[in-house]
Structure formats: structure tokens, C-alpha cells
Amino acid sequence: MFQKLFGFGQRSRRTVIDGLYERIVAASRQPVFYARWEVPDTPLGRFEMIALHMILFLRRVRNEEGAAVRDVAQEVTDVFFADVEHAIRELGIGDLGVPKRIKKLARMFYGRAAAYGEAIDAGDVETLAAALRRNIRPDAENWSGAEPLALYAFEAAALLEDLKVEGLTAADISFPDAERER
């Protein structure tokens with residue numbers, strides 16, 4: 001039944017999950033974030049951008065009916081955290097330190113999800129920009145990239161909101177071109 005309802009018979013479930021995550025990562029790696037909006041091109045800066053796009057994706061699917069969409073969202077989240085774990089290990093963190101860092105990053109992620117989601121739900125660009133500033137560039141009091149990034153996030157949320165559930169379950173999602181002027 002799952003396969004017939006959501007087209008997983010045509011494309012394997014793994015292909016869909018990987019496709020969704022690849023699109024999220026590709027959107028998070030848009031050069032404008034790092035070059036013009038000054039998001040640090042570091043492991044933590046890249047985590048922040050992937051987390052923002054994951055949050056936007058999860059926000060989109062949160063109210064969908066049916067276990068199939070929730071299962072897809074959970075599997076994409078699992079892939080995200082597996083990727084985070086892999087990155088931590090690549091940085092040379094030993095087996096004993098990985099669980100502690102994953103817990104910390106998970107707390108960061110879910111805290112951001114709550115803050116960003118509340119700001120987007122309220123239509124409050126300033127609050128979202130302040131949260132992005134606090135999380136992405138706490139070292140830069142007047143970070144000029146926060147507002148364009150917040151506007152981009154609102155545009156992405158609207159674009160995802162217009163996406164039909166069939167697109168989500170077929171890995172057919174897209175994010176805005178961040179290069180476009182806002």
C-alpha cells in the first residue's frame with residue numbers, strides 16, 4: 001500500500017531519502033551564503049546552513065497527514081545526523097567524544113528548529129534575523145548577512161509550502177536561488 005500511494009514502487013525508498021537530503025545539502029552550499037552573506041565556510045558554518053534547510057524541510061512536512069510522510073521526514077533526519085556524525089569523525093574526534101558532540105549538536109538543531117519555526121510562523125523577519133545572527137555569527141555584532149538570509153528562509157518556506165506531498169515523497173523539492181536579489 002505504501003508503495004502504491006506514494007510512488008515508492010517506481011523509485012526506491014532509499015533513492016527518495018537520498019534525493020531529498022542531496023537537495024537540502026545542495027541548497028545549503030549555495031556560494032552566496034558564504035561569499036556575500038559571510039556565513040563562515042567552516043564545519044560549524046556548513047552545519048548551520050544544512051540545519052536551516054533541514055528545519056525548513058521538516059517545517060513543511062510537520063502537518064502532513066499519514067505515516068508515510070512522517071517516516072520520510074524521520075529518515076531524512078536520520079541521514080542528516082549520520083552525516084553530522086561522519087563529519088565529526090572526519091574532524092578527528094574519537095569514539096568516546098562523538099556521542100557527547102552529537103547530543104550537543106542535536107540540542108542546537110532542535111533549539112534552532114523551535115526558534116526559526118516560531119519566527120517564520122509569526123511572519124517575523126527581524127526575529128528570525130536575530131536568531132540567525134545569534135546562532136551563525138555570534139562573533140559579529142552587526143552581521144549584514146542575517147537579514148538577507150532571513151528573507152531567503154521566508155522565501156524558501158513559502159516555496160516548500162506550495163509543494164504538493166507527492167513532490168516530497170518523490171524527492172522533487174527545490175529551494176530558491178539565493179543569488180537572486182531580495
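1. Start with the largest pocket, which has a volume of about 470 Å³. On a 1 Å grid over the protein atoms alone, a pocket is an open set of points where a 1.4 Å probe fits, with protein on both sides within 12 Å along at least five of seven lines. The volume is the space filled by probe spheres set on the points, which are joined across faces, edges and corners.

2. A quick caution: this is a predicted model, where local features need pLDDT of at least 70 and side-chain atom pairs 80 or more, while totals for chains, interfaces and linings use all residues. Residues are numbered from 1 along each chain, and side-chain values use heavy atoms, without hydrogens or water.

3. Back to that pocket: 19 residues line it (an atom within 4 Å of a point). Pro43, Leu44, Phe47, Ala87 and Leu105 lie nearest its centre. The lining splits into 14 nonpolar, no polar and five charged residues (Ala, Val, Leu, Ile, Met, Phe, Trp, Tyr, Cys and Pro count as nonpolar, Asp, Glu, Lys and Arg as charged, the others as polar).

4. Gly123 comes next, with a positive phi near 70°.

5. Phe80 touches Tyr21, Phe47, Ile50, Ala51, Met54 and Phe109, leaving out residues up to four places away in sequence (contact means heavy atoms within 4.5 Å).

Methods. Helices (H or I, at least four residues) and strands (E, at least two) are DSSP runs, numbered from the N terminus.
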